Amino acid sequence: MAASSKSTETKESQANTVKENNTSSSDSGITNPKDGEDFGYFFFPERDRLKKQEKSFLSKLWNREDITNFKCKANVLSCMKSNDKVKLMVTALESHGCPVELDRHISCEMCRDRVNGGFDPKSMQVVICQNNVHTQDVCCNVLAHELLHAFDYCRAKVNFENLRHLACSEIRAANMFHCSLGAAMSSGEASLFHVKERHQLCVKNKALQSMRLVRNVTEFEAMMVIDDVFDKCYNDTEPFGRRCFKNLGRAKRALNESRNYYDFSDID
């Protein structure tokens with residue numbers, strides 16, 4: 001499973017997350033008997049339908065789950081209607097034979113800390129973590145990120161249990177949606193000099209963070225895989241054809257240009 005981590009996570013907490021994920025995967029009920037990995041399902045307890053127990057009314061009320069679920073669904077609906085990146089991703093998926101139905105393919109759920117969302121290839125569903133995603137802006141970015149993983153799965157038959165495939169999809173998602181110049185500079189990963197090299201470093205670090213969140217690999221092992229596939233995946237900007245940095249109008253231009261080869265009749 002591909003997961004979108006919280007951007008505020010520190011390197012120390014990332015390491016603790018990986019350790020917790022590896023030692024607690026048996027609690028999730030979705031493990032690989034061959035190597036003990038759960039492929040990130042630990043962070044999404046509602047994905048385990050066999051062990052999931054119906055919560056009491058008082059429990060839901062105490063955790064405000066119904067309210068957060070309603071807000072999450074409202075944010076998702078707004079993103080589907082008005083966000084350029086999300087609209088393009090939905091149309092691109094449909095053009096490749098994978099239509100996105102709101103109630104079927106997007107699920108607002110309670111998640112563990114440190115993740116904002118994920119893509120579950122077993123059910124072909126995008127998960128938005130209703131308890132961790134609180135604003136429409138963040139929701140739209142997480143939704144676009146996870147829809148890109150769905151696009152890779154649909155278009156290229158990506159196997160997210162394959163480290164090379166996972167690394168490539170995470171590189172593409174970081175490249176498209178996360179490593180704007182402003183965001184990279186604020187995190188200390190970019191400067192006004194050597195912009196291209198610093199942007200690539202930001203993409204690599206984001207992909208590394210996402211990979212180690214869901215897989216039992218060392219930083220060295222993950223970086224070896226990322227370096228091996230980086231050039232090809234970094235230069236693959238489908239379906240946008242460009243990097244969609246925030247507030248530069250690139251997503252809008254990509255959306256307008258995509259009307260030449262995608263059918264938007266169901267969205268407009």
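Me: Between which two helices is the loop that holds Lys157 found?
Reply: In this predicted model, Lys157 comes directly after a helix, since H6 is followed by Lys157. The loop that holds Lys157 then runs between H6 and helix H7 (163-177).

Me: Is Lys157 buried or exposed?
Reply: Lys157 has a phi near 55 degrees, a positive value in a residue other than glycine. A residue counts as exposed when its relative accessible area is over 50%. Lys157 has a relative accessible area of 63%, and is therefore exposed.

Me: How many of the 21 residues of H6 are buried?
Reply: The helix H6 reaches 29 Å from its first C-alpha to its last, which is close to the 30 Å expected at 1.5 Å a residue. This helix is mostly covered, and the number of its 21 residues that are buried is 15.

Me: How are H3 and H6 oriented to each other?
Reply: Helix H3 (residues 65-82) and helix H6 (residues 136-156) pack with their axes 9 Å apart, at an angle of about 65 degrees. Angles of 65 to 115 degrees count as roughly perpendicular. The two helices, H3 and H6, are therefore roughly perpendicular.

Me: Which residues of H6 make the contact with H3?
Reply: H3 passes H6 in a right-handed crossing. On the side of H3, the contact is made by Asn75, Val76, Ser78, Cys79, Met80 and Ser82, and on the side of H6 by Gln136, Cys139, Cys140 and Leu143.

Me: How many residues of the contact of H3 with H6 are nonpolar?
Reply: The residues of this contact include no charged ones, while 4 are polar. The number of nonpolar residues in the contact is 6.

Key. Residues are numbered from 1 along each chain as its sequence is written. This is a predicted model: local features need pLDDT of at least 70, side-chain atom pairs count only at pLDDT 80 or more; totals for chains, interfaces and linings use all residues. Side-chain values use heavy atoms; hydrogens and water are left out. Axes are lines fitted to C-alpha atoms, for helices over the stretch in contact, and angles run from 0 to 180 degrees between N-to-C directions. Helices (H or I, at least four residues) and strands (E, at least two) are DSSP runs, numbered from the N terminus. Angles under 35 degrees count as roughly parallel, over 145 as roughly antiparallel, 65 to 115 as roughly perpendicular and the rest as oblique. A crossing is left-handed if the near helix is turned anticlockwise from the far one by less than a right angle, and right-handed if clockwise. Contact means heavy atoms within 4.5 Å. Ala, Val, Leu, Ile, Met, Phe, Trp, Tyr, Cys and Pro count as nonpolar, Asp, Glu, Lys and Arg as charged, and the others, Gly among them, as polar. The expected span of a helix is 1.5 Å times one less than its number of residues. Buried means under 20% relative accessible area, exposed over 50%, partly exposed in between (1.4 Å probe, protein chains only).
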